[in-house]
Amino acid sequence: MLVRLAECISSVGSMNPEERLYADFAAENLIPLWTQVGDLMPVHPKPRARPHVWEWKTLHPLAERAGELVPVGRGGERRAIALANPGLGGLPYATPTLWAAIQYLGPREVAPEHRHTQNAFRFVVEGEGVWTVVNGDPVAMRRGDFLLTPGWHFHGHHNTTDAPMAWIDGLDIPLVHHTDTSFFEFGPDQVTDSSTPSVSRSERLWAHPGLRPVSALGATPSSPIAAYRWEHTDRALDEQLALEDEGHPGTVEPGHAAVRYTNPTTGGDVMPTIRAEFHRLRPGTATAARREVGSSVYQVFDGEGSVTLDGAERRLTRGDLVVVPSWCAWSFRAETRFDLFRFADTPVFEGLHQYREEPA
């Protein structure tokens with residue numbers, strides 16, 4: 001639009017009153033709403049981000065190659081490879097609000113400590129032997145664990161084994177970037193505590209079902225639990241399906257068990273900008289098709305199945321990552337027992353009272 005108005009300026013002498021009006025708008029860096037309303041206020045969301053699938057069998061070998069060639073240290077900070085949505089013009093974002101990456105740490109490597117405004121988590125689809133140290137608290141990382149690094153918490157990672165390890169990172173980097181609210185600070189080059197306890201101090205204090213320490217009754221913006229362990233997630237999902245077998249309520253739809261990771265100080269989401277869940281489908285189960293405001297990323301933790309995104313079906317297997325943009329119609333179908341980790345930007349839009357969901 002500004003280009004067209006600028007062209008009008010070059011022919012001022014031949015302008016009619018309307019052309020002169022638009023030329024004067026352009027000269028003052030003004031754009032009238034009536035020329036933009038269809039793009040600015042469409043009748044339903046029209047995301048630039050596209051539905052997309054990244055296959056683990058491709059991602060992991062690329063991360064291994066990076067492990068051989070790219071060092072971890074100051075400057076790059078992390079050997080993390082972002083999922084770049086093909087609809088976002090080369091930006092390193094999975095969606096306009098969510099950043100997702102595969103991070104790879106080689107044998108005996110240390111990723112130095114730092115902190116930043118952005119909220120972050122890790123989810124482990126395979127491997128063990130790495131500890132992430134969050135504000136001085138060493139937290140073991142094992143398959144199926146969901147681990148938090150809330151904004152402005154110092155954190156670093158160290159691999160205690162002779163084998164590499166990879167996991168996925170999720171952050172709200174795009175949201176923080178677009179709102180010009182980012183801060184970053186370096187910490188020590190080595191982790192502040194290199195011990196390797198099986199249970200972190202935060203878990204010892206907070207991770208007891210239904211129990212809260214009286215010494216810490218205030219609400220916190222993010223969950224104080226550093227790690228949500230796989231054994232608890234797995235057991236909760238199994239019990240939901242067992243209750244369904246016994247004729248009792250417990251699943252979100254037939255054959256579909258799901259849990260949400262929560263902040264025990266508020267009962268809400270684990271972090272202000274990120275929702276995290278885990279879903280388990282029985283073999284042969286298909287979820288109801290739906291669409292919702294806001295975007296999400298799924299990773300297949302185990303099993304085989306498929307996802308349908310705006311009518312296009314893709315087969316999925318262990319480790320594959322799926323991005324679901326805002327208002328994209330989606331559903332999953334399980335061939336075997338099908339386990340899915342999910343994270344989404346839903347808390348942002350619930351907080352803005354803009355969230356909407358409907359059957360597709």
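Where is the place of Val199? Val199 sits in the loop between S11 and helix H6 (201-206), and at 38% relative accessibility Val199 counts as partly exposed. Here buried means under 20% relative accessible area, exposed means over 50%, and partly exposed is anything in between, with a 1.4 Å probe and protein chains only. Helices (H or I, at least four residues) and strands (E, at least two) are DSSP runs, numbered from the N terminus. Val199 and Thr266 are 67 residues apart in sequence and 23 Å apart in space, C-alpha to C-alpha.

The model is predicted, and local features need pLDDT of at least 70, side-chain atom pairs count only at pLDDT 80 or more, while totals for chains, interfaces and linings use all residues. Residues are numbered from 1 along each chain as its sequence is written, and side-chain values use heavy atoms, with hydrogens and water left out.

Now to the aromatic rings. Rings of Phe, Tyr and Trp (its six-membered ring) pair if their centres lie within 6.5 Å; planes under 30 degrees apart count as stacked, over 60 as edge-to-face and the rest as tilted. By this rule the count comes to 21 aromatic pairs. One of them joins Phe146 and Tyr261, a tilted pair with 4.4 Å centre to centre and 35° between the planes. This pair links distant parts of the chain, with Phe146 in strand S8 (residues 146-149) and Tyr261 in the loop between strand S13 (256-260) and strand S14 (275-281), 115 residues apart. Phe146 and Tyr261 are both buried. Trp230 and Phe301 form another tilted pair, at 4.6 Å centre to centre and 45° between the planes. Trp230 lies in helix H7 (residues 230-245) and Phe301 in strand S16 (residues 296-302), so this pair ties together parts that are 71 residues apart in sequence. Trp230 is buried, with a relative accessible area of 16%, and Phe301 counts as buried at 2% relative accessibility.

A nonpolar core is a set of buried Ala, Val, Leu, Ile, Met, Phe, Trp, Tyr and Cys residues joined through side-chain atoms within 4.5 Å. The largest such core has 37 residues, and those with the most contacts inside it are Phe121, Phe123, Phe146, Tyr261, Phe278, Phe341 and Phe343. Not counting residues up to four places away in sequence, Phe341 touches (heavy atoms within 4.5 Å) Phe121, Phe123, Phe146, Ile168, Tyr261, Ala276, Glu277, Phe278, Val297, Tyr298 and Gln299. A second, separate core has 15 residues, among them Tyr298, Val322, Phe338 and Leu340.

On to the strands, which pair if DSSP finds at least two bridges between them. An open sheet is formed by 5 strands in the order S7-S6-S9-S4-S11, with antiparallel pairing. Strand S7 (137-142) and strand S11 (184-186) stand at the edges with a single partner strand each, so one side of each is left without a neighbour in the sheet. Even so, 5 of the 6 residues of S7 are buried, so S7 is largely enclosed by the rest of the structure. S7 and strand S6 (residues 128-134) run antiparallel and are joined by 6 bridges. Trp131 has Ala140 in S7 as its bridge partner, and Glu128 stands opposite Arg142. S6 and S7 form a hairpin with 2 residues between them, and Asn135 in the turn has a positive phi of about 50°.

Elsewhere, S13 and S14 run antiparallel and are joined by 5 bridges, with Leu281 in S14 as the bridge partner of His256. In S13, 4 of the 5 residues are buried, so S13 is largely enclosed by the rest of the structure.

Most residues other than glycine have a negative phi. Trp152, however, has a positive phi near 70°; Trp152 lies in the loop between S8 and strand S9 (155-159) and is partly exposed, with a relative accessible area of 33%. Asp310 likewise has a positive phi, near 50°, and lies in the loop between strand S17 (305-309) and strand S18 (312-316).
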